[in-house]
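This briefing concerns the ligand and its surroundings in the model shown below.

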Amino acid sequence: MLANAKKYLFSIKGFQKLSSQDFGSVVLRPRIKEFTVKNEPILGYTQDSKERKELETELNRISNTIEDVPIIIGSEKFKTNDIRYQVMPHNHEKKIAKFYYASSDLVAKAINVATEAQRKWDAVPLEDKIDIWLKAADLMANKYRMKLNATTMLGQSKTVIQAEIDSAAELIDFIRLNAFFAKELTKYQPISEDNKVTLNSLRYRGLDGFVAAVSPFNFTAISGNLAYTPALMGCSVLWKPSDTALLSNWAIYEIMTEAGVPAGVVNFVPADGPVFGDTITASSNLSGINFTGSVPTFKRLWKQVGENINNYKNFPRLIGECGGKNYHFVHPSADVESVVNGTIRSSFEYCGQKCSACSRIYVPQSLWSKIKEGLLETRKQLKIGDVAEFDSFASAVIDNNAFKRISGYIEHAKKSSNLKIIGGGEYDKSKGYFVQPTIVETKDPLDKIMIEEIFGPVLTAYVYNDSEVKNTLDLVINSTPYALTGAVFSQDKSFLKQSIETLKYSAGNFYLNDKSTGSVVGQQPFGGSKMSGTNDKAGGPHYILKWTSPQSIKETFVPLTEWKYPYMKN
Ligand code: NAD
């Protein structure tokens, strides 16, 4: 069996050098020129650096402008009477973008335009699409890097490093690496036992109809990936950006258009969430939803698709990456400094608004006093301020809803006899939506603060008895409905080895002696299971397969001369 498989592998490899026409076939197989990719380097933005000066100029320009952002359907611009503004979360008096909600009728118009564009776009050779993507990645890495970072810093309140790793590096990586994965994918062709008799081919078609990309506020890169990866694979898209990430998302749309994505392929459709969701799920042409956001929104969309199932031409693909309740589990053998630094970064960078942020930590009694001291000492040094002040560690949370939700958990901690706030606990929205990094100690490992997604800078610690490692691992696994990210800190190799098995289903991204955040495209493909999502692993090679409907073609070169099978002959 294995010997056979090997033989076929070799023949497939050799076969790549030939085009299918060399066998007399009418089937065209893509022959894409080779290229390699690397992760985009992260710039330092140190005082007096060139990039720091360029960024400051761009921050200044964007701070003093209110950009008018239209709805784009095909090549047409629309502005409705439903006017909205994007403000700076850390200075909510300051508007940076004016935009317009599409009505249900406009969403329906975009559906028609996208559905019509799909077949034409699908006919564009993959090699040409890849050229556009690589050009876009270069525009993002050079000409528009500061625009992407400044719009993300001011609009989503990210500090410079958080913007650089998101709206520059991760976005560029998604665009480049997905193009690379698409090229690699075409190398596989099915087995043809004798290609003088029969040639088998596989080709990748975009999904018939349109894909709805619904993106969250917290990662500019995710928004670009949600809208443009289906497009790379030949789909057409209605992109509904988040209101609170509008300007950075608009910058992506403009860059992709400049790079050569034709009108109608990706339609930029800001809208009220439910209006958009209700309209796309009611369309018979819906071929997929590419969603990242909260569990309730994804469940609602999934339910609506179920209710409309008899109306669709295709079974829509449903991809949803949702919330988490990510953990750090500290073993008695852990290195205290790594735990403290890793937890501070994971829990409080970007105000805990990364889907992978650590929100619950389990610490053994024997290490608690040192870890507590380390966390509290470091916490005091974190400056929470304006993103344009480069010494800020983090800034404001995204909007008033987030502020209310997070401060609600802080108030709950203040009132509950099981919970004690040991650091932080202050919040103030007079200028921006500021919540101080907050550390809570709980006596109850099943308090809601240990179970529910807070999505803010609140870390809760549960101190366990050193002899209760096993029971505590059970708590890690079973106390929340999520399974997004998790980390184990231990110097004991046999415990680490055991934890890989024990905690196998507790996280889609699992870390050993490292914090629960910071996945890199191509290095740690990302996604979680259970209620954290469909785990399609954005940033990995399998993700692009979600956006294609492959077709197998068997072509036979010799006539069929018999209808009878040999066993039928006497
Ligand atoms: P959200 O669910 O509030 O919004 C996400 C998007 O859905 C927005 O564009 C919003 O306008 C839209 N929306 C809202 N109601 C809708 C409806 N009925 N139909 C269609 N669209 C609708 O989430 P958010 O606050 O923007 O993002 C935060 C959430 O995203 C957190 O739960 C976080 O964990 C999760 N997240 C997960 C990942 C991951 O990879 N697993 C990554 C980033 C964020």
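A polar contact is a pair of N or O atoms within 3.5 Å. An oxygen atom of the ligand is 2.9 Å from an N or O atom in the side chain of lysine 240. The model is predicted: local features need pLDDT of at least 70, side-chain atom pairs count only at pLDDT 80 or more, and totals for chains, interfaces and linings use all residues. Residues are numbered from 1 along each chain as its sequence is written, and side-chain values use heavy atoms, with hydrogens and water left out.

- The side chain of threonine 297 places an N or O atom 2.9 Å from an oxygen atom of the ligand.
- For glycine 293, a polar backbone atom lies 3.3 Å from a ligand oxygen atom.

**Shell around the ligand**
- The ligand is surrounded by 27 residues, each with a heavy atom within 4 Å of it.
- Ser215, Ser294, Thr297, Cys322 and Glu453 are the closest.
- The shell comprises 13 nonpolar, ten polar and four charged residues, with Cys counted as nonpolar and Gly as polar.

**Position between domains**
- Because domain 1 (3-322 + 533-553) and domain 2 (326-512) both give residues to the shell, the ligand lies between them; the domain bounds come from an automatic or database assignment.

Conventions:
A polar contact is a pair of N or O atoms within 3.5 Å; within protein, one must be able to donate a hydrogen and the other to accept it, and residues adjacent in sequence count only if both atoms are side-chain atoms.
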